[in-house]
Each structure stands twice: as C-alpha cells, then as structure tokens.
Amino acid sequence: MFGRSRSWVGGGHGKAARSIHSLDHLKYMYHVLTKNTTVTDHNRNLLVETIRSITEILIWGDQNDSSVFDFFLEKNMFVFFLNILRQKSGRYVCVQLLQTLNILFENISHETSLYYLLSNNYVNSIIVHKFDFSDEEIMAYYISFLKTLSLKLNNHTVHFFYNEHTNDFALYTEAIKFFNHPESMVRIAVRTITLNVYKVDNQPMLHYIRDKTAVPYFSNLVWFIGSHVIELDNCVQTDEEHRNRGKLSDLVAEHLDHLHYLNDILIINCEFLNDVLTDHLLNRLFLPLYVYSLVNQDKGGERPKISFQVSLYLLSQVFLIIHYAPLVNSLAEVILNGDLSVFSSKVEQDIQKNSTKSSIRCFIKPTETLERSLEINKQKGKKRLQKRPNYKNVGEEDEEERGSEDNQDDLDKTKGTEASSKGIRTSSENEEIEMVIMERCKLSELSISTVTEQNTTDEEKSAAASGSEITNWNRPFLDMVYNALDCADDDYYALFVLCLLYAMSHNKGIDPVKLERIQLPAQHAEERNSYNHVLAERLIRIMNYAAQPDGKIRLATLELGCLLLKQLVFSKNGSIIKDVHLACLEGAREESVHLLRRFYKGEEIFLDMFEDEYRSMTIKPMNVEYLMMDASILLPPTGTPLTGIDFVKRLPCGDVERTRRAIRVFFMLRSLSLHLRNEPETQLPLTREEDLIKTDDVLDWNNSDLIACTVITKDGGQVQRFLAVDIYQMSLVEPDVARLGWGVVKFAGLLQDMQVTGVEDDSRALNIIIHKPASSPHSKPFPILQATFIFSDHIRCIIAKQRLAKGRIQARRMKMQRIAALLDLPVHPSTEVVMGFGHSSAATAQHLPFRFYDQSRRGSSDPTVQRSVFASVDKVPGFAVAQCINQHNPSPLSSPSPSSGSGSTGRCDSVTASSTSTPSAAQSPSGGNSAIKTPASKQLCLHLHRGSDGCSGI
C-alpha cells in the first residue's frame, strides 16, 4: 500500500497525477486517514506523506477553492492529527506533524480559512500536548509553531486561544515556560510570542495576564537576567588575560537582548503591565544589584554584588536602550541624588519565614518557579470579575482568599500551604506597587521644590554643583561617579563613567530637571549661563593626561570626554566656558602639539598616517551605542594588538601606534579648541574634495604643457587623451569641441597616491596606478586607475615619467610643510628645481597652490572673465595658465582654502630681481620667527598657477 500511495502522491500517471491539488484528492487523503487510524511501523511513512499532501491541498484551497475547507471541517479532519499525536507514535511522526502544521499556518492568508482551522479548539489541544521536549528537533518545531500562531493574533483570533470562561490562555502560558531555556533561539521565540500577545488590545485577555501571569513571569525573568549578570561579572573577574572573550561577548549580547526585550514591552505602553514590570526591575534588579554595587564592593555581605566597572557598564546600557520615563527617572534620581537610605529603610527579612512582608529592594530568587506559579493560579479555578484596567483593584486579595477558602477542602495540605504563601506574595507585590506610586509622588514634590528654588543665582547653582555645599548632600553614588573620573593611572573606570553620563544626558525619558540638579545639560537643553565646574575640570584633566607622552588615556575615552565637554559648556548662544577653563584646555592642546612634534618625521609614512587618521576620525565618529556593545572594554586596558581589540579601545603598541595616537589626540584637542572659541577650521584637511579638479570640469588649457598619449585600461579599452600634471593632481583631458584651447577633464587623481613604472618591452609606455585614499589604516588600497599610457616616442615617455615622479615628490613635500606649519615647526624651503622650475621666496613662504579655475569655467560671454596678457611667458612644465585676477596674497599662515568665488590669490607680475628676504611661513618651536633669504639668482618670473588652496588644482 505504501509503495502505490507514495507513487500516486508523488506524481504517477493519468488523471490522478494532474489533479493533486483538488477537492477530489483531499477526499482520497481522507479515505487514507480513515483506513489508517492506528499508527504502525508499516503505515508511518504513509501517514506522514498523507499529512503533507493534505497541507498542500489546504494551502492551495485557501487561494483557489473554498470548498476544500468546507470539506475539511465537515469531516473534522483535525481530529485525525490529534489522534496521531496521542498515540505516542514516535519522534518522526511528531516532528513531521509539527512541521506541516507550521507550514500550513504560515501560508494561510484568508481570515475565513484561518477561522476554519482554529475552530473546535483542536489547535489548543495540540499546544498543551505533552511532547518530548528533551528532543531538540521537537522543541524547535514546537516553539516555531507557537510563534507562527502568535503572529496570527488580533482582536478577532485571540478568542480562539484565550478562553474567557475557563480563564485559560494556553498559547501564552505554555510559551513562557521556556523563557529560560538553554537554547538561545528558543528564548528569542518566547520573547517574540509574548510581545505579539501584549500588542493585542483585548482587555479581558490583558487582565488575565496581569492577574494570573505578570507577577510570576516578571519576577522569574528578573531573576534570570540578574543571574546572567552575576555570571558576566564572574567572567570579567577571572579573565584578566583576555582568554574567555568569546564567552564574555555572548553574555554581554544576552544582556543586550534582555534590555531590548524589556524596552519592547515598555514601548507597547500597556499601563498596568508596565507598572508591574517597572516595579520588579527597579526593586529586584537595577537598584539592589546594579546601583548598590557602585558604593559597596564588600563581597562578604549577604547581598549579591557585582564589580564597579560592570555596574557602570550595565547602567550605561540601561540608559542607552530604555527610555520609559517612570523607570529611567526613578533610576536617575537614585544615582544623582540618592543615598544608602533607599536600601536601609527596607530591611532584609528571611523569605523562608512566614513574614507578612518580604524584602523590597533586594535581589532575591522567587519562592516558586514560573511553572509552579502558573499551576497554582490555574487551580484557583474561579474567574475574576471584570475590572477597570488599572494596576490595583481594591478587594482583589479578599476575593482570592475567599476563593482559596472555598477550595481548601479539595486541596491537600501541601497545596494549601503553597496557595497561602502565594496569597502573601501577592499582597507584598501590591505593597511594592504602592511604594512605586509613593516614590513618584515624592519625586513630583521634589520637582516642585526645585522649581521654587530657581530664584537662586547662576553662581549659587554652580557653586552648589561644584561641591561647595556638598555637606548638605549625602550622595554616595554621585560621589563615586565623580571620583572614578580621576584617571592618573589609567582610564579603566573613567570610560564607563563618561558613557553613563553621556547615556543619561541623551536619554529622552529623563526629566531635564533631574539633570540640571548637577548642571548636566540634556541633549537639547534650553539657554543657560552656568555649567558644572567640577565635571568640566575633571574632563579637562583627562585631556591633559591624554596629551602626556606616557598618558594611559585611550582614544575612545578622550573622544567621549570631548563630546561631553562640548555639551556641558555650550548653550544656544554659544560657548559659556570660563576663561580659566579655556586656558587649561589650550594648555592641553599645546601639550598635544609638543607630543606630535616628537613623532614628526620627514618620511612618507607620516603623511599617509596623518591623512588616514583625519579621514578615519571624520568618516567614523564615535558611536557610544556601538561602543557599549563591545565586551572587550570590560577587561583591563591592554596595549597589544594581538587581542584583536580596536585601536581606539586599547593602548598603543610600538612607535607606529604611538604616532597614530599622537595624531588623533592632536586632531581632537585642536577641533575642540576651535569649537569652543567659535573659530572655523582653515588648515584641515590637507586635501579638500571641493578644491580639487573633478571629472567633467571644463578648463582653459591654453599655454599649458600637455602630452598626448593613448590610455589602455585594464579591460582592454583604448582612448586618446592629453596628460597634464599640476601641483597635487594629474589629469587626463579631452579637447572641448565648442571652444578652442579648452578641454574637458575625463579623469583626475592625486599625485601622492600614484605609482609609475616602465614597461620592459616598450620604451614608449608607462604603467600608472592611482589608488583611492583608504578609509582606514587597515583597509586595502583600491585602484581607481590602472592603465598603460603609450606616448608618441620614448622622449615624451621619459618627460612624462619625470614630471609624474617629481610632481609626486613635490606634492608630498608641500603637504609635509603644511603639517610643519600646524605644529609650529620651521619650514625649510627646497631650493632644488622640481618639475622644471625653482621657487621664489614669496612662493616658498606660502608653499601653497592657489585655485582660480572657477573663473575659467565661465563662458567667454561672461564680462567678468578677463583674458590675461602675458608679457613674458616662462612655461612651467605641466602647469596650466589661466585668467589673472588681481588680489592680495594671503598671509603665510592663513587659510589655504579661500572661498571658491574669490578667484586667484597668486601674483601675476613678475618678482623683482633684487635680493629680498621673506619671513618664514612657520615659527620655530621656541616661538621666534625665522627669516629665509632667497638669492635673486634663484628667483624666476612666475605665472599664476591654478588651484585655491594647498589641496588641489590642476
């Protein structure tokens, strides 16, 4: 029978094979089920194939033929599925049945068809069936089946799962029993199921969840999260050698998943569920475990504790992820203004004793498991009256006690004891909720008192925040946070404190009034005239430590400190920093300049590192959320790259990394200094995209040295182009058909990123590769041009090679001179002839190219464009000559990037032949000016070169 049926189902011959998806075929499958009601070894495969076939027909009928579901209901075919499960026919049949049911419910799209399948309560019978969950495959398909059903929940379908008369919700209660399953995918599926349930706006169902399951589920969930936190802390304490980073990363990822799950529940904004969850999180996890560990590191006490750095790290994650106002405000209030009385007022009591009140703010294990609590609630058996959807119902406990008394005769002594203890626990939980309400009232009173105290002057507020009135406050948590910013030895704790302050100031749920008590402005604070002097001084001290040669401050700590200082001293009207603090910051900046001078070298690698670090810093600014997802910062700072930790999160190793660090510190403190002084950046970056010649620019190439060549690309294409070399770029030009002497730029690349090699077999050819600037020091260079250039003869080939090679040297030398000017180092001009010409003293003092080709892009009809008249033309090989606009030269240390509309800033007249002396463009480290004299024999008549700053221009 099996062979014939399998062949028929799989596609045999004749009419049957052509009508697999049809009502007739479903009738045949029904006939097969009726003949095989008992599962045996002989018909097991046949039944599995039959179930699969029925599933395919139902999915087809959902989209094509409604009579299929009519027949399915008429014959009550779901009963066969249930009977097969109840026969304990083995894992093979169970797995296949769960798999096909999952596929069936995933693919049903019409609500009518879904109602047909969910009717008669057979699906709930499958949900509560006792599967062998020790089998991983059965567990996977079962939880996937529940998740698929939860995705179908809405106000209409929820009635098929939640029985209001029996007060039973099997889909939810069976799912949450696996909240602490060892397999992470099962736990994730349980979270998805619960969120899908909470999103359904059905008040009777939500009341059932609140009254029967919320407290047991949330209390066990909080204990489960806290247990993971303690395990995470143990991993940090025992892994100083970075050997268990994989396990530590998994534990951190699990904690992040928990926080996101809790935040998802709070975002649904079901008020009475949020109140219960907030109460358990504050009083059973965040306050007794996270916050209490900030000040009490005595491991010998009765309370569980975690290490200081782990506490700060986890609190930062809480404020970065959760934005539910009642929760984050209560938590921030304790950290910023609380003391140890929040714990001592609630004395710990022995849970095992029959006390009328359990401990409140303590991390304790629930008295009962979740599964046992659900069973006890189910045995109470009486349906509660419908109540308003508030979090506290008067008389609720009395009803429970009466219900337990009515059922006392039917329960044995053990069950009666458990029920009474459950009643006591419910009573204490309501008291906890009342405590949360009272705290909120106190906080609102504090807010009102704060408003009444706003008549004080800004100086008084600043003095109070700075600690002059600290005797009136007992804030051990805040004091510990401030003390951790002292990082003379290392920044292990300082990084976590900065992350915590950043997270609190950027949390949308925290009331800005609470932050203003310590004068920590929120992200979008109103106008103010004062700031926290203590915090500002601690931040500036971190910057001073970072600028020292032996500083132990990581780049991530410095960048985060710069972000917080900007936020601290900036208001809507600009910077409000005091002169003394600004002077201290300028001192730190000067220290960073002296530090970078120690690593300044004339080698090519320094220029590449300088530009790469600036590019990396601007392209990838710090993301605190990503930083706090990295478990490696929990371990003590290390200086070896062998750990694989990102460079900004560890200490430097070797001269190269110390150079990179010095460059980054210089950039950060320079940017911060300019920002606080409200001055624009005029010297960085060394190469600005807006100042470079770009593809399709139309320029005047009259009186320019152009070399004709044939460019053969890597893919074999050939094009005729003209090669032009400028101070920073090489260009490939195509003549403009509209105007004589004008050309269209088809390619432009930086000379400093170019490699030129000859071709052995052809003296007229050159291989040229130009790489795209790397986005990070570790990324592989990407070639933007890789081609063979063929010239008319070997002479032109030699000329082109010399111009490109010397142009590359000159471009890099000029950028190194600009770096020297940034570091106040003396600039030594080169007297050697580079690219076919020498430098006059004036040109050397500026050592910058000037951009003027914006005027050249205008049409010939533009009256503002003047054709230049060259009295004497001294051609400079590879340089284009363009229009001459009379303007004064900028000062040597002025911005190399004037506005694009300013035209040229170069000289059009020739330099006098007499001997002159021109001040140097930079000062010596001692502060004195050095004058450089240039003999008249070295001076040439120079024409205006195209380019606007030292960053570009062909």
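Reply: Let us begin with burial, for which the relative accessible area is used: under 20% is buried, over 50% is exposed, and values in between are partly exposed, with a 1.4 Å probe and protein chains only. Arg187, at a relative accessible area of 7%, is buried. This is a predicted model, in which local features need pLDDT of at least 70 and side-chain atom pairs count only at pLDDT 80 or more, while totals for chains, interfaces and linings use all residues. Residues are numbered from 1 along each chain as its sequence is written, and side-chain values use heavy atoms, with hydrogens and water left out.

Me: Where does Arg187 lie, and which residues is Arg187 in contact with beyond its neighbours within four places in sequence?

Reply: Helices and strands are DSSP runs numbered from the N terminus (H or I for helices, at least four residues; E for strands, at least two). Arg187 belongs to helix α11, residues 184-198. Contact means heavy atoms within 4.5 Å. With neighbours within four places in sequence left aside, Arg187 is in contact with Phe178, Phe179, Asn180, His181, Pro182, Phe224 and Glu254.

Me: At what angle do α11 and α12 pack?

Reply: Axes are lines fitted to C-alpha atoms, for helices over the stretch in contact, and angles between N-to-C directions run from 0 to 180 degrees. Angles under 35 degrees count as roughly parallel, over 145 as roughly antiparallel, 65 to 115 as roughly perpendicular, and the rest as oblique. Here α11 and α12 pack at about 150°, with axes 13 Å apart, and are therefore roughly antiparallel to each other. In this pair, Arg187, Thr194, Val197 and Tyr198 of α11 meet Met205, Leu206, Ile209, Tyr217, Phe218 and Phe224 of α12. By class, that contact of α11 with α12 has 8 nonpolar, 1 polar and 1 charged residues; Ala, Val, Leu, Ile, Met, Phe, Trp, Tyr, Cys and Pro count as nonpolar, Asp, Glu, Lys and Arg as charged, and the others, Gly among them, as polar.

Me: Are α15 and α23 roughly parallel or roughly antiparallel to each other?

Reply: Helix α15 (residues 308-321) and helix α23 (residues 492-505) pack at an angle of about 20°, and their axes are 8 Å apart. The two helices α15 and α23 are therefore roughly parallel. The residues in contact include Phe308 and Leu312 of α15 and Tyr492 and Phe496 of α23. The contact of α15 with α23 divides into 14 nonpolar, 2 polar and no charged residues.

Me: How many residues has the largest nonpolar core?

Reply: In soluble globular proteins, nonpolar side chains tend to be buried together. A nonpolar core is a set of buried Ala, Val, Leu, Ile, Met, Phe, Trp, Tyr and Cys residues joined through side-chain atoms within 4.5 Å. The largest one here has 218 residues, and Tyr290 and Phe610 have the most contacts inside it. Helix α12 (residues 203-237) supplies the largest share of this core, 16 residues. A second, separate core of 24 residues includes Val725, Ile727, Ile768 and Leu785.

Me: Which residues have a positive phi although not a glycine?

Reply: Asn167 is one of them, with phi of about 55°; Asn167 sits in the loop between β1 (162-163) and β2 (168-169) and is buried at 16% relative accessible area. Asp696 has a positive phi of about 75°, lies in the loop between α30 and β5, and counts as exposed at 51% relative accessibility.
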